[in-house]
Amino acid sequence: MHKLRMILARLYMGLFLVFMIAPLVVMSGAAFNDNRLPSIVPWKGWTSRWFEAMINDDRMMVAFGNTLVVAVAVAILSVIVGTASAILINSISGRVRTLLYSMMISTILIPGVVIGISTMILWTKMGNAMGTEFFLFNPGLHLSVLGQVSYIAAMVMLLVLARLQSFDAGLEEAALDLGASHAQVLRRILLPYLYPAIGAGAAVAFFQSIENYNVTQFTRGGMDTLTVYVFSMVRSGVTPAINALAFLLIMVTLVLAMIYEINRRRMARVEADREAEARRASALEEAL
Amino acid sequence: MSDLIRRYGVTITALMCLLVAFWLVMLVIVPNITLFEQSFRPYLPVVDVGGPKDVYSLGNYAKVFDGSIERSFFGIPYMIPVHVMTFGLTIWYSIVVTVACFALAYPLAFFMAKIANPKSLPTLLLLLFIPLWVSEVLRAFAWWIILAFKGPLNALLLAIGAIEAPVRWIVDYDGVVIGLTYTYVLFMLFPIYNAIASLDTNQIEAADDLGAPWWKIHLRIVLPHAKPGIASGCVMVFMLSAGSLLVPSILGSTTSQWFTQTIDQWFKDALDWNTASAYAFILLLLCTIFVSIALKVFKVKLSDIAK
């Protein structure tokens with residue numbers, strides 16, 4: 001009976017993985033099918049023409065560039081704001097902390113549609129009120145950046161805060177006692193300790209920004225990001241050039257994942273070796 | 001606060017406070033207040049804005065009740081305003097998606113946390129993460145290919161003889177529910193997995209030794225322990241589903257309409273930002289109410305959701 005349950009559990013696990021991965025395989029496969037519509041059935045032979053079509057699609061390349069610029073801007077801003085918030089939250093307590101923290105968290109739950117519309121209305125209204133044509137107050141990708149930062153900063157904040165919780169504040173005291181300046185304490189002690197969390201936060205922010213559709217859709221003005229462009233293609237006149245793009249993106253993700261996995265296994269091996277070494281050493285000590 | 005000043009000095013502390021204030025005031029509070037204020041203004045030609053006709057009213061909110069259509073419920077016909085129906089269906093199908101995600105994710109989370117070999121777990125997690133990194137629009141597009149009338153799913157099912165004629169998958173809200181479930185199931189899986197992983201395995205074994213059947217172990221031990229994770233997953237999935245615009249637009253059929261699509265149409269097609277604001281505010285309000293109820297029912301705090 002127990003054995004049967006184990007088999008069923010593994011079977012379910014396998015099926016779930018198929019459910020998660022199969023769509024990506026289908027999408028990638030369609031990129032190589034010599035068929036005007038993106039599908040893997042009926043199979044009409046191998047082709048690489050959709051990759052050529054993708055490279056020759058200027059609008060897509062512009063959108064791709066825009067996406068990267070927006071994602072980098074969002075990552076930088078979110079990391080700065082998120083880290084500052086985490087440090088601030090970590091050093092206060094009581095009612096104020098609860099209030100600030102709840103407000104920060106709730107930004108993650110606000111629907112993107114609401115963020116997009118509210119950001120758009122605020123900045124364009126401010127521009128109208130001041131009667132200025134300054135670019136900041138017109139619709140455009142800079143407003144998408146501001147809108148995205150409003151909730152992505154909260155994710156960075158959570159990651160940094162988790163790391164801050166294990167930080168030994170005594171280190172800062174020691175540095176101050178030894179005559180370090182305030183800036184030195186921040187730059188040499190606190191920030192280096194936070195770098196892993198800040199790095200992870202930057203990566204999360206970057207990918208969240210690339211994914212984002214809702215906020216961008218309402219604030220972008222006439223500009224395209226990749227997500228918006230792909231969406232418009234799917235709605236009107238889709239060609240497998242999209243699949244070629246998807247295939248490349250999936251490959252990039254896979255390569256990154258593999259590098260990460262190989263790195264992790266190496267680290268695990270090093271760790272295991274070290275442990276074995278330590279065991280041998282202590283055994284030797286006891287024998288002596 | 002004084003602690004901060006002692007450590008980092010007045011300048012850096014002030015700078016940090018300024019950054020946090022910029023985020024919360026300029027990017028969150030003021031935009032939402034503007035949205036709220038704007039939602040009470042009528043939609044006017046540019047010359048009339050700020051003029052005598054520009055007065056606050058509930059007119060934009062009243063538009064929700066315009067244009068009734070006839071529907072029937074178990075053969076009993078009734079009239080319902082079309083936007084109210086859209087909104088109700090959005091909530092209803094978001095709940096369906098949430099329940100489906102829970103049903104799919106819970107057994108897997110338990111398997112991963114308690115049964116799977118801990119050594120192979122990181123690889124497993126990485127495999128599951130890959131679809132999460134591929135952008136949402138592409139995942140919805142992938143299902144659009146799969147569910148197409150002449151697509152691979154029908155071809156596969158025909159080939160193995162499970163169906164005799166091709167099935168139309170993207171009818172009514174079916175495509176939307178499938179797409180949303182696929183897109184957001186991982187947001188349910190990871191919080192539940194984290195919650196179950198922190199449960200002491202001895203408790204399960206003790207119950208097993210004392211003769212509890214497997215379903216009772218889950219009902220009395222695992223589920224109560226995983227409650228914060230489940231609450232977190234449910235709130236995330238529900239909010240993401242109800243607020244999604246991409247998936248319902250790509251996988252929607254001619255008879256399906258998501259509330260966010262209605263907002264989008266007011267904003268982009270009708271160019272009536274004020275009514276769009278009113279609708280967006282309704283969405284925000286109802287979602288807030290839903291989250292509060294969920295938190296009350298599960299007896300968890302908002303700050304636990306983020307874990």
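Leu271(B) counts as exposed in this predicted model, with 10 C-beta neighbours inside 10 Å, where a residue is termed buried if 20 or more other C-beta atoms, placed from the backbone, lie within 10 Å of its own, exposed if 12 or fewer, and partly exposed in between. Leu271(B) is found in the loop between helix H11 (259–269) and helix H12 (273–298) of chain B, helices being DSSP runs of H or I with at least four residues and strands runs of E with at least two, numbered from the N terminus. Although Leu271(B) is not a glycine, its phi is positive, at about 55°. Most residues other than glycine have a negative phi. As the model is predicted, local features need pLDDT of at least 70 and side-chain atom pairs count only at pLDDT 80 or more, whereas totals for chains, interfaces and linings use all residues. Residues are numbered from 1 along each chain as its sequence is written, and chains are lettered from A and ligands numbered from 1 in the order in which they are written.

A positive phi, near 50°, is also found at Asp172(B), a residue other than glycine. Asp172(B) is placed in the loop between helix H6 (152–159) and helix H7 (174–197) of chain B, and is partly exposed, with 15 other C-beta atoms within 10 Å. Within H6(B), Pro152(B), Leu153(B) and Asn154(B) are buried, and the buried residues of this helix pack against helix H1 (2–30) of chain A together with helix H5 (136–147) of chain B. H6(B) is followed by Gly161(B), which has a positive phi near 80°.

Strand E1 (residues 68–73) of chain B runs antiparallel to E2(B), and six bridges join the two, at least two DSSP bridges being required for strands to pair. Ser72(B) has Pro77(B) of E2(B) as its bridge partner. Two residues lie between the strands of this hairpin, in which Phe74(B) takes a positive phi near 50°. Strand E2 (residues 76–81) of chain B lies largely in the open, because the number buried among its six residues is zero.

Between the chains, 71 residues of chain B are in contact with 72 residues of chain A, a contact being counted if the C-beta atoms of two residues, placed from the backbone, lie within 7 Å. Helix H1 (residues 2–38) of chain B gives the most to the side of chain B that touches chain A, with 20 residues. That side divides into 56 nonpolar, 11 polar and four charged residues, with Ala, Val, Leu, Ile, Met, Phe, Trp, Tyr, Cys and Pro counted as nonpolar, Asp, Glu, Lys and Arg as charged, and the others, Gly among them, as polar.

In chain A, helix H6 (residues 141–164) and helix H8 (residues 182–211) pack at an angle of about 155°, with their axes 9 Å apart. This makes H6(A) roughly antiparallel to H8(A), a term applied to angles over 145 degrees. The residues of the contact of H6(A) with H8(A) divide into 14 nonpolar, four polar and one charged. Met104(A) is placed in helix H4 (residues 94–109) of chain A and counts as buried, with 25 C-beta neighbours inside 10 Å. When neighbours within four places in sequence are left aside, Met104(A) is in contact with Ser85(A), Ala154(A) and Met157(A). Met104(A) and Leu11(A) are 93 residues apart in sequence and, from C-alpha to C-alpha, 41 Å apart in space.

Key. Axes are lines fitted to C-alpha atoms, for helices over the stretch in contact, and angles run from 0 to 180 degrees between N-to-C directions. Angles under 35 degrees count as roughly parallel, over 145 as roughly antiparallel, 65 to 115 as roughly perpendicular and the rest as oblique.
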